[in-house]
Amino acid sequence: MVSPPGPGSPASDGLADAAGPDVEPGGSRFLAGQFDTSQFDTVLVVDFGAQYAQLIARRVREAHVYSEIVPHSMPVSEMLARNPKGIILSGGPKSVYADRAPHVDPAIYEAGVPILGICYGAQLLSQALGGEVAHTGTGEYGRTPLTLLAPSRLFEGWHSPSEVWMSHGDSIVAAPPGFAVTASAPGAPVAGFEDAERGFAGVQFHPEVAHTVRGQELLKRFLHDVCGCRPAWTHTSVIETAVAAVRAQVGDGRVLCALSGGVDSAVTAALVRKAVGDQLTCVFVDTGLMRAGEAEQVEETFRRQFQVDLVHVKAADRFFSALEGVEDPEQKRKRIGELFIRIFEEVAKELTDVAYLAQGTLYPDVVESGTADAATIKSHHNVGGLPEEMDLDLVEPLRLLFKDEVRAVGEELGLPEEIVWRQPFPGPGLAVRVVGDVTRERVEILRAADAIVLDEVRRAGLDRELWQAFAVLPAVRSVGVMGDERTYAYPIVVRAVTSEDAMTADWARLPYELLDRLSVRIINEVPGVNRVAYDVTSKPPGTIEWE
């Protein structure tokens with residue numbers, strides 16, 4: 001069996017404000033109409049970095065409450081203009097005493113809106129209202145017993161002690177005046193504090209991570225009992241608001257959909273088709289960088305099974321030419337992203353009145369491409385890799401959703417299981433799984449090895465337990481011996497991870513027997529390979545993909 005996902009620290013979900021500065025590196029490209037959120041109660045998640053805000057927002061959505069992520073630098077007047085029923089101050093990587101530590105306008109505490117501070121957010125709340133935060137020299141990291149000290153709406157129904165997940169260096173040593181200390185931990189004298197009259201509370205631990213046993217219950221207490229939010233945010237409502245936004249943007253215009261055959265583009269196509277019907281034409285660009293049999297599968301599924309108007313562009317020569325001699329992964333993504341757009345523009349010119357391009361951009365793509373409070377991890381080809389000048393306006397109905405939400409929306413739309421639960425595949429394809437210069441020879445070797453990995457994972461019955469399983473080809477060679485002769489061939493690295501949403505991931509503890517079969521088959525069946533390794537790196541510190 002594989003292991004469960006690792007600690008869900010930075011991760012998330014969100015349909016946050018489509019034009020919010022926290023999700024728009026380099027200026028807004030998200031042109032779809034704003035979601036009409038007036039029918040939903042709203043909770044704001046204030047982002048202090050480290051991607052914690054995204055995980056919190058996802059947990060809020062799981063409680064069926066609409067959440068928006070906003071930067072800590074946003075003026076309080078702008079926050080209040082969104083009519084929040086509650087505000088959550090996220091965790092963060094800094095100490096409240098560090099130079100340039102992120103803070104929030106103190107006016108937020110006078111706004112009359114319930115506030116929950118989490119870890120760093122709890123320390124800020126305490127410090128701002130007269131409590132004390134100190135460098136105790138006894139930080140806590142990992143599973144920690146929490147002892148309850150006083151009655152609390154947030155901890156109602158909890159046992160004492162209860163297991164929570166800690167990750168802090170500084171500690172709150174004194175609660176602000178007027179607050180009751182509701183919980184403590186070995187390294188945190190004030191692990192929970194609450195002012196029930198104002199609806200303020202702070203917790204030193206992370207209720208948003210899976211390892212805090214009753215963390216989601218605590219968040220629900222805050223959302224439903226303290227803030228009075230209605231649990232009205234559902235997958236059906238996501239579909240309705242997304243469809244309305246697409247219709248508002250597109251009107252009578254024609255739309256091209258970038259279709260890869262994966263779940264993101266398939267759900268995008270289904271949503272846009274639901275919104276505009278036969279105004280949609282899907283375009284599948286065969287880059288030559290797809291998995292084995294992928295082009296044929298796309299044709300069969302979408303043209304024949306779903307009767308979609310599908311244009312199949314065979315462009316392998318152009319992509320290999322664009323990638324010739326390029327080793328830097330950022331340059332790979334940018335070149336691939338630009339060529340995709342140019343091909344879509346060429347197809348659009350052959351059709352009539354096409355002004356829009358729909359693509360399956362997700363929120364992790366945006367977050368990892370750089371936000372106001374999160375560093376650039378890698379530029380995704382469909383975000384940071386887009387050219388500055390484009391003839392088509394983007395329609396991105398999934399841009400602020402995470403993979404688990406996208407799958408749920410796909411099921412709600414009636415897409416078949418084999419599409420909805422297909423493993424994620426990077427937009428640049430095998431180009432970012434060849435570490436180094438991308439050549440036809442290396443891609444063919446990698447494609448064959450990858451097919452074996454997927455086949456053996458399916459045979460072992462682990463395809464639904466793993467988030468992703470795939471092969472990587474580093475562009476180096478090593479010495480081996482086969483048939484009593486010296487070989488000098490490529491290694492293949494097998495990568496398999498468990499995750500909930502790709503923001504964090506743990507390496508999968510695959511059975512030794514499966515690893516043995518993978519090694520034997522790849523070396524015996526794939527010419528040019530003489531060594532197989534297994535990647536045992538989690539995310540963080542690594543990323544799921546190697547590039």
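## Terms and model

Two strands pair if DSSP finds at least two bridges between them. Strands (E, at least two residues) and helices (H or I, at least four) are DSSP runs, numbered from the N terminus. This is a predicted model: local features need pLDDT of at least 70, side-chain atom pairs count only at pLDDT 80 or more, and totals for chains, interfaces and linings use all residues. Residues are numbered from 1 along each chain as its sequence is written, and side-chain values use heavy atoms, without hydrogens or water.

## Strand β15 and its partners

In β15, Val354 is the bridge partner of Arg254, and Ala358 is that of Cys257. Four bridges join β15 to the parallel strand β12 (residues 254–258). Three bridges link β15 to β16 (residues 393–395), also running parallel. Here Ala358 has Val395 as its bridge partner in β16.

Strand β15 (residues 354–358) is mostly covered. Four of its five residues are buried (under 20% relative accessible area, 1.4 Å probe, protein chains only).

## The sheet and its helices

Five strands form an open, parallel sheet in the order β14-β13-β12-β15-β16. β14 (310–314) and β16 stand at the edges with a single partner strand each, so one side of each lacks a neighbour in the sheet. Neighbouring strands are turned by 30° against each other on average, direction ignored.

Helix α5 (residues 235–250) packs on the sheet and touches β12, β15 and β16 (contact: heavy atoms within 4.5 Å). Its direction makes about 160° with that of β16. Axes are lines fitted to C-alpha atoms, for helices over the stretch in contact; angles run from 0 to 180 degrees between N-to-C directions. Helix α9 (residues 329–350) also packs on the sheet, touching β12, β13 (280–286), β14 and β15. The direction of α9 makes about 135° with that of β13.

Terms used: Buried means under 20% relative accessible area, exposed over 50%, partly exposed in between (1.4 Å probe, protein chains only).
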